[in-house]
Amino acid sequence: MLKDLRLNINLFRTMVMPLYRMGLSNALCSNKTDQNDYFKAIRRKLKQFCYLPRCTPNSLVRMLLGDIGRVAEGVF
C-alpha cells in the first residue's frame with residue numbers, strides 16, 4: 001500500500017482536485033466556517049482516496065497535497 005501512495009496522490013491531484021478547484025471560487029466567497037468545512041472535505045476525500053486512516057494528521061496531508069489555502073489564494 002505504501003508503494004502505491006505516490007500513485008494515488010498523483011491520481012487524486014489529476015482526477016479529483018480539478019473538481020474541487022472549480023468549487024474554490026464559491027468557497028472563497030463564503031464565510032470562514034464554510035471555507036474550513038470545504039478544506040476539511042478535501043482532506044477527508046484525500047484520505048479516503050489514498051486509503052489513509054482517518055486519524056492522519058493534517059500536517060501530513062499538507063505535506064502530501066500542498067496547502068489548500070494557498071492554492072485557493074492563487075485562484076484569484
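## The nonpolar core

The largest nonpolar core has 18 residues, among which Tyr 38, Ile 42 and Leu 65 have the most contacts inside it. Helix 1, helix 2 and helix 3 (58-65) each supply at least two residues of this core, and its largest share, eight residues, comes from helix 1. A nonpolar core is here a set of buried Ala, Val, Leu, Ile, Met, Phe, Trp, Tyr and Cys residues joined through side-chain atoms within 4.5 Å. Buried means under 20% relative accessible area, exposed means over 50%, and partly exposed lies in between, with a 1.4 Å probe and protein chains only. In soluble globular proteins, nonpolar side chains tend to be buried together.

Leu 65 is in contact with Phe 12, Arg 13, Met 17, Ile 42 and Leu 46, leaving aside neighbours within four places in sequence. Contact means heavy atoms within 4.5 Å.

## Basis of the description

The model is a predicted one, in which local features need pLDDT of at least 70 and side-chain atom pairs count only at pLDDT 80 or more, while totals for chains, interfaces and linings use all residues. Residues are numbered from 1 along each chain as its sequence is written, and side-chain values use heavy atoms, with hydrogens and water left out.

## Overall architecture

The secondary structure of the chain comes to four helices and zero strands, and from the N terminus on the elements run α-α-α-α. Helices (H or I, at least four residues) and strands (E, at least two) are DSSP runs, numbered from the N terminus.

Of the 76 residues of the chain, 34% count as buried. The chain exposes about 5,500 Å², of which carbon and sulfur atoms supply 57%; accessible areas come from the Shrake-Rupley method with a 1.4 Å probe, and for residues only the protein chains shown count as cover. Among contacts with a separation of 6 or more, residues 24 or more positions apart account for 60%.

## An aromatic pair between helices

The count of aromatic pairs comes to two. Rings of Phe, Tyr and Trp (its six-membered ring) pair if their centres lie within 6.5 Å; planes under 30 degrees apart count as stacked, over 60 as edge-to-face and the rest as tilted. The rings of Tyr 20 and Tyr 38 have their centres 5.9 Å apart and their planes at 75°, so this pair is edge-to-face.

The pair links distant parts of the chain, with Tyr 20 in helix 1 and Tyr 38 in helix 2, 18 residues apart. Tyr 20 is buried at a relative accessible area of 16%, and Tyr 38 is buried at 19%.

Leu 7, Leu 11, Met 15 and Phe 49 form a nonpolar patch on the surface, with about 350 Å² of accessible area together. Helix 1 (residues 5-28) provides the largest share of the patch, three residues. Patches are made of residues with over 30% relative accessible area and no salt bridge, where like charges are joined within 9 Å and nonpolar side chains (Val, Leu, Ile, Met, Phe, Trp, Tyr) within 5 Å. A salt bridge is a side-chain nitrogen of Lys or Arg within 4 Å of a carboxyl oxygen of Asp or Glu. Leu 11 lies in helix 1 and counts as partly exposed, at 31% relative accessibility.

Arg 13 also lies in helix 1, and at 37% relative accessibility it counts as partly exposed. Not counting residues up to four places away in sequence, Arg 13 touches Pro 18, Leu 64 and Leu 65. The C-alpha atoms of Arg 13 and Leu 46 are separated by 9.3 Å, while the two residues are 33 residues apart along the chain.

Lys 47 is placed in helix 2 (residues 32-49) and counts as buried, at 11% relative accessibility. Beyond residues up to four places away in sequence, Lys 47 touches Leu 52, Pro 53, Arg 54, Thr 56, Asn 58 and Val 61.

Tyr 51 is found in the loop between helix 2 and helix 3, where it counts as exposed at 61% relative accessibility. Tyr 51 has a positive phi of about 55° although it is not a glycine. Most residues other than glycine have a negative phi.

## Ile 68 in helix 4

Ile 68 has its place in helix 4 (residues 68-75) and is buried, with a relative accessible area of 8%. Phe 39, Ile 42 and Arg 43 are touched by Ile 68, not counting residues up to four places away in sequence. Ile 68 and Lys 40 are 28 residues apart in sequence and 9.9 Å apart in space, C-alpha to C-alpha.
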